[in-house]
Amino acid sequence: MSRPTLLIFAKTPRIGLSKTRLADDVGRVEARRIARFILGRTMRVAHDPAWRSILMVTPRGDLHQTLGGLWPSSIPRMVQGNGDLGDRLTRGMQAAPTGPVIFIGTDTPDINTAHIHEAARALRHDGAVFGPARDGGFWLFGISHRLRDASVFKDVRWSSPHAMQDVWSNLPPHARVSLLPNLIDIDTSRDWEMYKRQSRQRS
């Protein structure tokens, strides 16, 4: 089986550009700091010989930025492009090399390489895998090569409690669907406080 491709969808952690909902609660400077923190933790999963990583960048003008090493120059890049999230995911999927594709964002500080390995194992068959988020969305989605089709992202209610279920409903009836652990996506100050509380409990 071909190595999976890990598509990392990342927005430049710039004041006024990223984490705008979080900025409404904690301020723009603190929101940028949190965005850089989560981005740094996410990028730890990029370097693993078990998969090929591609950084999907927005905005277009920042394609060649390194952000002080947060976006290593050794990782290939693509521009996310225009459209809604479904359009951008489809664009990345169609450009990815042959094999399974795993999509992640940069909102989930607890993501680690074990999660990506587990997703890759789930895609050895004709299936899909989700990393569910508390808000009804997902922090990871993976799809096997045979199921790669733009229709999987059609008519999805993005940024709603129905996002994961909508994608799931677009999969063929025979698809094997696996679930990873439910992790926290950081979109608001409530999410951030919940993440910090859980981190303290684990330490």
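Predicted model: local features only at pLDDT ≥ 70, side-chain atom pairs only at ≥ 80, totals over all residues.
**Entry 1: Ile-102**

I skipped its neighbours within four places in sequence and listed the remaining contacts. On one side of my list stand Pro-4, Thr-5, Leu-6 and Leu-7. I then noted Ile-116, Ala-119, Ala-120 and Leu-123. Leu-140, Phe-141 and Gly-142 complete the set.

**Entry 2: the cores**

Next I looked up the largest nonpolar core. It holds 29 residues. Which of them have the most contacts inside it? I found Leu-6, Leu-55, Ile-102, Ile-104, Ile-116 and Leu-140. H4 gives the most, with four residues.

**Entry 3: aromatic pairs**

I searched the whole structure for aromatic pairs and got 13. I picked out Phe-103 and Phe-153. Their ring centres are 5.6 Å apart and their planes stand at 90°. Planes over 60 degrees apart count as edge-to-face, so I logged this pair as edge-to-face.

Where in the chain do Phe-103 and Phe-153 lie? Phe-103 is in strand S4, and Phe-153 is in the loop between S6 and helix H5 (163–170). They are 50 residues apart, so I recorded the pair as a link between distant parts of the chain.

Buried or exposed? I checked Phe-103 and Phe-153. Phe-103 has 4% relative accessibility and counts as buried. Phe-153 is buried too, at a relative accessible area of 5%. The cut-off for buried is under 20%.

I took Phe-138 and Phe-141 next. The ring centres of Phe-138 and Phe-141 are 6.0 Å apart, with the planes at 55°, so I logged the pair as tilted. Both Phe-138 and Phe-141 are buried.

**Entry 4: His-115**

I finished with His-115, in helix H4. His-115 has a relative accessible area of 9%, so I put it down as buried. What is His-115 in contact with, leaving aside its neighbours within four places in sequence? I listed Asp-110, Trp-139, Leu-180, Pro-181 and Leu-183.

Notes: Residues numbered from 1 in each chain as written. Heavy atoms only, no water. Core = buried A, V, L, I, M, F, W, Y, C linked by side-chain atoms within 4.5 Å. Buried < 20%, exposed > 50% of the residue type's maximum accessible area, 1.4 Å probe, protein only. Helix = DSSP H or I, 4+ residues; strand = E, 2+ residues; numbered from the N terminus. Contact = heavy atoms within 4.5 Å. Phe/Tyr/Trp six-rings, centres within 6.5 Å; stacked < 30°, edge-to-face > 60°.
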